[in-house]
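Please go through the structure shown here, from its overall layout to a few particular residues. A term used for side-chain accessibility comes ahead of the rest.

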Amino acid sequence: MKGCISTDLGIITIDPDVIAKYAGTVAVECFGIVGMAAVNVKDGLVHLLKKESLTKGIQVGISDENHISINFHIIVAYGVSISAVTENLISNVKYKVEEFSGMPVDKINIYIEGVRVID
């Protein structure tokens with residue numbers, strides 16, 4: 001479902017892929033996150049996505065009331081506090097996506113798919 005905002009001049013429609021791409025760029029800027037992960041359900045394999053395909057590791061849902069829910073599949077850096085990384089990710093993404101879209105973010109789910117050592 002697409003998000004719709006009514007204004008005096010008409011209706012603004014926001015595609016969930018736009019929000020996913022924006023949320024992905026905000027997420028990879030957060031400390032401790034190596035990148036987004038794509039999970040191959042058939043094989044159970046996880047691989048790191050390149051910057052061009054960040055949206056494959058993110059699912060965005062928009063309700064009928066224009067409330068956003070976001071699922072992140074991420075890979076974190078080795079040696080960092082997972083709780084600190086996830087709290088930072090949630091607060092940054094919630095603030096920036098709400099400011100960007102004008103719609104409230106109700107839920108952010110984070111799935112840690114792996115850990116990588118950064119050189």
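A residue is called buried when its relative accessible area is under 20%, exposed when that area is over 50%, and partly exposed in between. The model discussed here is a predicted one.

The protein contains 2 helices and 7 strands. Their order along the sequence is β-β-α-β-β-β-β-α-β. Of the 119 residues in the protein, 34% are buried. When contacts are taken between residues at least 6 apart in sequence, 65% of them join residues at least 24 apart.

Helix H1 covers residues 16-28, which is 13 residues. At 1.5 Å a residue, H1 should span 18 Å, and this agrees with the 18 Å between its end C-alpha atoms. The N-terminal end of H1 is capped by Asp15, which has a side-chain oxygen 2.9 Å from the backbone nitrogen of Asp17. Which residues of H1 are buried? They are Pro16, Ile19, Ala20, Ala23, Gly24, Val26 and Ala27. Viewed down the helix axis, the buried residues of H1 lie within an arc of 165°, and therefore line one face of the helix.

Searching the whole structure gives 1 aromatic pair. Its members are Tyr22 and Phe100, and the pair is stacked, with 4.1 Å from centre to centre and 10° between the planes.

The structure holds 1 salt bridge. In general, side chains of opposite charge can pair when their charged atoms come close. How accessible are the two partners? Glu98 has a relative accessible area of 26%, so this residue counts as partly exposed. Lys94 is likewise partly exposed, with a relative accessibility of 33%.

The last stop is a loop residue, Asn66. Asn66 sits between strand S5, residues 58-62, and strand S6, residues 68-77. Its phi is near 65°, a positive value in a residue other than glycine. Is Asn66 buried or exposed? Its relative accessibility is 17%, so Asn66 counts as buried. With neighbours within four places in sequence left aside, the contacts of Asn66 are Lys2, Gly3, Cys4, Met103 and Pro104.

Key:
Residues numbered from 1 in each chain as written. Predicted model: local features only at pLDDT ≥ 70, side-chain atom pairs only at ≥ 80, totals over all residues. Heavy atoms only, no water. Salt bridge = Lys/Arg side-chain N within 4 Å of Asp/Glu carboxyl O. Buried < 20%, exposed > 50% of the residue type's maximum accessible area, 1.4 Å probe, protein only. Helix = DSSP H or I, 4+ residues; strand = E, 2+ residues; numbered from the N terminus. Expected span 1.5 Å × (residues − 1). Arc of directions from axis to C-beta. Polar contact = N/O pair within 3.5 Å; in protein donor to acceptor, adjacent residues only side chain to side chain. Phe/Tyr/Trp six-rings, centres within 6.5 Å; stacked < 30°, edge-to-face > 60°. Contact = heavy atoms within 4.5 Å.
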